[in-house]
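Please open the structure in a viewer and keep the selection tool at hand.

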Amino acid sequence: MLDYADLDYENLVQWLKAQGEKEFHAKQILGWIFQKNVLSWEGMSNLSKELREKLAQYIRLPVLELVKLTESQDLETYKFLWRLKDGSLVESVLICSGTRRTVCVSSQVGCPARCAFCASGQQGFFRNLRPTEIIEQVLQINKWLADKEEKVSHVVYMGMGEPLKNYDSVIKSIRLLSDPNLVNISQRRITVSTVGIVEGIKRLSTEGLKVNLVLSLHAPNQHIRKKIIPYARKYPLEDILNAMDEYAQKTKRDITYEYTLLAGINDHPDHAHELAHLLKGKQCTVNLIPYNPVAGLRLKRPEKKAIKQFRSVLFGSRIVNTCRYTKGDDISAACGQLALQEKQEKSGLPMLAAGE
């Protein structure tokens with residue numbers, strides 16, 4: 001069967017003609033899926049029963065099944081656990097802040113980066129997501145929000161997986177999500193996060209896109225970075241920062257550096273001074289994220305005093321920085337926990353408490 005995201009307007013017109021159908025149905029079908037978030041052929045009421053049966057036979061819709069929905073106590077963060085057609089599990093996170101409705105999407109089943117503080121890497125890497133499997137995370141959540149007369153305003157590729165290791169699918173999904181005739185989310189409201197895939201960063205800078213780029217930095221030097229991010233052994237920090245600078249120059253977009261603060265590892269004032277020196281003169285923002293405990297990991301969250309000291313050093317060096325103190329905010333680290341728990345429950349393995 002075909003994925004519906006593989007059929008752009010022209011391809012869909014060709015498919016309809018081959019089925020003996022009128023080409024004007026292409027706009028109707030794309031409108032139902034991408035604008036009205038109708039993810040069942042039966043719900044497309046202005047299509048004939050015969051055409052709906054043909055569509056159901058040849059084109060796969062939907063591709064995600066909601067397994068579990070969990071919400072934070074303040075009702076600002078919602079985690080969606082999806083089952084794919086092959087039984088794999090992935091997560092999305094909806095973050096509600098003011099009028100913003102940001103969806104954090106997954107791009108892979110599991111993650112090959114295996115960062116020391118991240119839940120996604122614990123389950124290993126299985127496969128890339130297809131463009132449809134990425135896009136539908138947004139469409140399904142848009143459908144869920146419709147009952148509240150709201151819709152997704154921003155998309156961040158910070159869920160399970162390393163987006164630039166699934167490059168083609170991620171780029172295609174960005175183009176579909178930002179297409180004015182489809183989902184119509186501004187590229188300036190789309191953010192891609194990477195652990196530092198140099199060739200992917202350089203390639204992204206040539207795409208003509210206006211998306212934001214975030215580097216999961218998490219260390220002030222190559223030595224510490226290699227300890228907590230295995231990919232750092234392949235990609236030297238200097239090469240990554242040069243690629244990020246090139247992206248900023250070509251796209252005229254500011255860069256954000258994410259830095260998860262880990263007690264006793266990268267949270268000392270000396271580390272802050274080193275980070276400030278590393279980023280001196282760059283037009284960027286450092287997003288500090290105090291570590292949130294992940295089941296099975298012994299890493300700890302720094303004390304508030306240490307966090308304040310770290311920030312004061314950055315401010316003293318005129319490095320723009322933000323900090324999210326609230327638990328549950330560290331989406332990149334937290335995403336993947338539901339999928340991991342679900343797999344453990346099914347396999348009969350014991351659930352690990354944080355720090356065990």
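Select helices α4 and α5 together: their crossing is right-handed. The model is a predicted one. Helix α4 covers residues 131-146, helix α5 covers residues 167-178, and their axes lie 8 Å apart at an angle of about 40°. The two helices are therefore oblique to each other. To view the contact itself, display P131, I134, I135 and V138 on α4, and S169, V170, K172, S173, L176 and L177 on α5. In general, a pair of packed helices is described by the angle between the two axes and by the distance between them.

Remain on α4 and select E133, which belongs to this helix. Is E133 buried or exposed? With a relative accessible area of 2%, E133 is buried, because a residue counts as buried when this value is under 20%. Next, display R127: the side chains of E133 and R127 are joined by a polar contact of 2.9 Å. Beyond residues up to four places away in sequence, E133 touches V63, L64, L84, R127 and N128.

The next stop is Y157. Which residues touch the most other members of the largest nonpolar core? They are I33 and Y157, in a core of 107 residues. In soluble globular proteins, nonpolar side chains tend to be buried together. With neighbours within four places in sequence set aside, Y157 is in contact with V105, I134, P163, V170, S173, I174, L177, I190, T191, V192 and S193.

Now turn to helices α1 (residues 9-18) and α2 (residues 25-35). Their axes come within 9 Å and cross at roughly 125°. That angle makes α1 oblique to α2. The crossing of α1 and α2 is right-handed. Select Y9, L12, V13 and L16 on α1, then H25, A26, K27, I29 and L30 on α2, to display the residues that make the contact.

Select L2 next, in strand β1, which consists of residues 2-3. The relative accessibility of L2 is 37%, so L2 counts as partly exposed. Apart from residues up to four places away in sequence, L2 touches L7, W15, Y58, I59 and R60. For a distance to check in the viewer, pick the C-alpha atoms of L2 and I33: these residues are 31 apart in sequence and 15 Å apart in space.

From there, move to the peptide bond between L61 and P62. This bond is cis, and its omega is near -5°. P62 is located in the loop that lies between β2 (59-60) and β3 (65-71). As a general rule, most peptide bonds are trans, and most residues other than glycine have a negative phi.

Two residues with a positive phi follow. Select L75, in the loop between β3 and β4 (77-83). L75 is not a glycine, yet its phi is positive, near 60°. At 44% relative accessibility, L75 counts as partly exposed. Then select K252, in the loop between α8 (237-251) and β12 (255-261). K252 also is not a glycine and has a positive phi, of about 60°. Is K252 buried or exposed? K252 counts as exposed, because its relative accessibility is 67% and the term applies over 50%.

The last stop is T322, placed in strand β14 (residues 321-323). T322 has a relative accessible area of 36% and is partly exposed. Which side chain makes a polar contact with the side chain of T322? It is the side chain of N287, at 3.1 Å. Leaving out neighbours within four places in sequence, T322 is in contact with T285, V286, N287, L288 and R311. Finally, select the C-alpha atoms of T322 and E274: the two residues are 48 apart along the chain, and these atoms are separated by 18 Å.

Definitions and conventions: Residues are numbered from 1 along each chain as its sequence is written. This is a predicted model: local features need pLDDT of at least 70, side-chain atom pairs count only at pLDDT 80 or more; totals for chains, interfaces and linings use all residues. Side-chain values use heavy atoms; hydrogens and water are left out. A nonpolar core is a set of buried Ala, Val, Leu, Ile, Met, Phe, Trp, Tyr and Cys residues joined through side-chain atoms within 4.5 Å. Buried means under 20% relative accessible area, exposed over 50%, partly exposed in between (1.4 Å probe, protein chains only). Contact means heavy atoms within 4.5 Å. Helices (H or I, at least four residues) and strands (E, at least two) are DSSP runs, numbered from the N terminus. A polar contact is a pair of N or O atoms within 3.5 Å; within protein, one must be able to donate a hydrogen and the other to accept it, and residues adjacent in sequence count only if both atoms are side-chain atoms. Axes are lines fitted to C-alpha atoms, for helices over the stretch in contact, and angles run from 0 to 180 degrees between N-to-C directions. Angles under 35 degrees count as roughly parallel, over 145 as roughly antiparallel, 65 to 115 as roughly perpendicular and the rest as oblique. A crossing is left-handed if the near helix is turned anticlockwise from the far one by less than a right angle, and right-handed if clockwise.
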